[in-house]
Amino acid sequence: MIIDVAKDFSRYPAGRVPEDGDNNGTRFREHILVPALKDAQRNHTTVVVDIDGVRSFGSSFLEEAFAGLIRLGKFNRNDVKKLLEVRCTKPHLFIFRDAITSYINAAKTDEQLLAH
Amino acid sequence: MHRAANQLKRKRGGQSGPRRMKVPSSQRQMHRVQIWQGGDPEWAFALRKPDLPPEKLCLTEQPDACFRFFETLRSASSAAFKKKQILIDRNARPNGFATIPGYVDFSYPSFISTAAAVILASEFERLSKAHGEVTPTVDLDRWNPDVFRKLYQIGFFEIVGITPKRHDVVIDEGDTRTMQIIGTKNANDLEQVDNGIQNLCNFVNPDGEIPDDLIINLLTGLAEAIANVTGHAYPNWFNPEYPHINQLWIAATADRARKTLTVVVYDQGVTIPVTYPRMKRRDKVMTFLARALRGTPEFDFQNDGTYIRAAMRYGGSRTDQRHRGKGLPQIVEVVSRSGRGKLSVFSRGGWCIRNSDGRLRSGAVSSSIGGTLVEWVLELSPASVVADQ
């Protein structure tokens, strides 16, 4: 399955929660990413997130949408790494692709944060 | 020339009516002025001498005078609101004239920066909303032409409610093109900002060689700034007696001669020096603050620049969640990714400026600008240089 962020969500993903705007990371995670990943998990496929068309990509959006999967216990890190692929062909967007990877790698569940 | 501009110019051109007094208005107590709320201009008596803005309304060139002016303006507006004073009293009418309690003399300043124009517009909008009445201009025909032009370009008269909303969102004047202020509550208007900024970039470089990544970086920085405002600027416990407008203001100006793009985001919120000390901070931040803060400040807000500097270097989080609170450092990172450019953050009485070479300098004055303003000055050509001031 391919999620084209610009077409399927917004060219201007921004912010973390609804107060930050309609195109926030929570909405992307809950309404698009989680259902797609669950579907992929059931069907033993993968989800490709294509970020080529976006015009903004704040860290708060990326952290909430992608690290939030792990932080909130929706999926564990290994599952996210297996199921999710970020596609990007524009060099100036590579930094966002890499940011998604590093947010996923650094994400901790709320329990882990409390224990720390 | 736009019809609205012509209309404003006619208002500024002088009308038939009582002859002007020869004594400068700033020297007189009760004196006659011409006021305008968008309809026909009318004559009124001002009950006291006007407040004088600094000669240059610029946060970086005259910070002390500029911060003090905004504080004075806000205090006067707040006092009028608390006393339920009306903006124009048409009941008293000595000699048939209405009266106004006071005003700002905009014939005096010869320059206003984009940042100062945004703060001024937001304060006038606040005054209009608090009183439920359009704040009038006073002696518009005497206003300095450069100051008038900047305020017109930025949409000041629309925001205050004097003229109807324009459809043209950018206006050219010589070597500059300005995107009028976009007032918004969140990131939903990023597309409008994107269109405006692309328009400004095309103005600076008509060959269309402004790289897309520069605009995307800028929009990303803006998205972070907006998230900062929605997340921190107007917390539930912040309930000032003089009601703020729970939103932010975005404006931008391109300078073709200097090949620069200036983008400003302003909010009337609780400010960094108020929120930052309330945050749970990491050890290295505590060490930095312990070294840099003055134990006994010599004046109010003296430590404000230090708090802003710490927030830009280390970030922080009022929510005490580690995945949050990286707003300002992210903006700094975005600016550094964009190549040469200057980032300035002004909040309450302090400021911190990151120059093109990455160096930070900070300072503070004893007055408050009444919110937080973030300003980027991006160089759109490697050959150009962003001056410090």
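**Entry 1: strand 10 of chain B**

I began with Thr262(B) and looked up its bridge partner in strand 14 of chain B, which is Val377(B). Strand 14 covers residues 372-379, and I found it running antiparallel to strand 10 of chain B over eight bridges. For my own use I noted that two strands pair if DSSP finds at least two bridges between them. Helices (H or I, at least four residues) and strands (E, at least two) are DSSP runs, numbered from the N terminus.

This is a predicted model, so I kept its limits in mind: local features need pLDDT of at least 70, side-chain atom pairs count only at pLDDT 80 or more, and totals for chains, interfaces and linings use all residues. Residues are numbered from 1 along each chain as its sequence is written, chains are lettered from A and ligands numbered from 1 in the order in which they are written, and side-chain values use heavy atoms, with hydrogens and water left out.

Next I looked at strand 9 (residues 248-255) of chain B, which pairs with strand 10 in the antiparallel sense, again over eight bridges. Here Ile250(B) has Val265(B) in strand 10 as its bridge partner. The hairpin of strands 9 and 10 of chain B has four residues between the strands, and in it Lys259(B) takes a positive phi near 55°.

How many residues of strand 10 of chain B are buried? I found eight of the eight in residues 260-267. Buried means under 20% relative accessible area, exposed over 50%, partly exposed in between (1.4 Å probe, protein chains only). In a regular strand the side chains alternate between the two faces of the sheet. I checked both faces of strand 10 of chain B: Thr260(B), Thr262(B), Val264(B) and Tyr266(B) are buried on one side, and Leu261(B), Val263(B), Val265(B) and Asp267(B) on the other.

**Entry 2: a four-stranded sheet in chain B**

I then turned to an open sheet of four strands in chain B, with the order 4-2-1-6 and mixed pairing. Its edge strands are strand 4 (98-100) and strand 6 (137-138), each pairing on one side only. Strand 1 (residues 31-36) of chain B runs antiparallel to strand 6 of chain B, joined by two bridges. In strand 6 I noted Val138(B) as the bridge partner of Ile35(B).

**Entry 3: where chain A meets chain B**

Which residues bring the two chains together? I counted 27 residues from chain A and 25 from chain B in the contact (heavy atoms within 4.5 Å). The buried area, the accessible area (1.4 Å probe) that two parts lose on being put together, summed over both, is about 2000 Å² here, with 53% given by carbon and sulfur atoms. Of the area that chain A buries against chain B, Tyr12(A), Asp20(A) and Arg55(A) supply 30%, more than any other three residues.

Arg55(A) came up again in a salt bridge with Asp212(B), at 2.9 Å from N to O. By my rule, a salt bridge is a side-chain nitrogen of Lys or Arg within 4 Å of a carboxyl oxygen of Asp or Glu. There are two salt bridges between the chains.

I found Asn24(A) in the loop between helix 1 (5-9) and helix 2 (25-43) of chain A. Is Asn24(A) buried or exposed? It counts as buried because its relative accessibility is 2%. Its side chain reaches the backbone nitrogen of Arg27(A) at 2.8 Å. Leaving out residues up to four places away in sequence, Asn24(A) touches several residues, including Phe9(A), Arg16(A) and Phe61(A).

**Entry 4: salt bridges within the chains**

I found 22 salt bridges over all chains. In one of them, the side chains of Glu64(A) and Arg16(A) meet at 3.0 Å, N to O. This pair links distant parts of the chain, 48 residues apart: Glu64(A) is in helix 3 of chain A, and Arg16(A) is in the loop between helix 1 and helix 2. Both Glu64(A) and Arg16(A) are buried. They also belong to a network of salt bridges with Arg29(A), Glu30(A), Glu63(A), Arg71(A) and Lys74(A).

Arg177(B) counts as buried at 16% relative accessibility, whereas Asp172(B) is partly exposed at 38%.

My last pair was Arg294(B) and Glu298(B), in a salt bridge at 3.3 Å, N to O. Arg294(B) is partly exposed at 43%, and Glu298(B) counts as exposed at 61%.

Note on methods
Polar contact = N/O pair within 3.5 Å; in protein donor to acceptor, adjacent residues only side chain to side chain.
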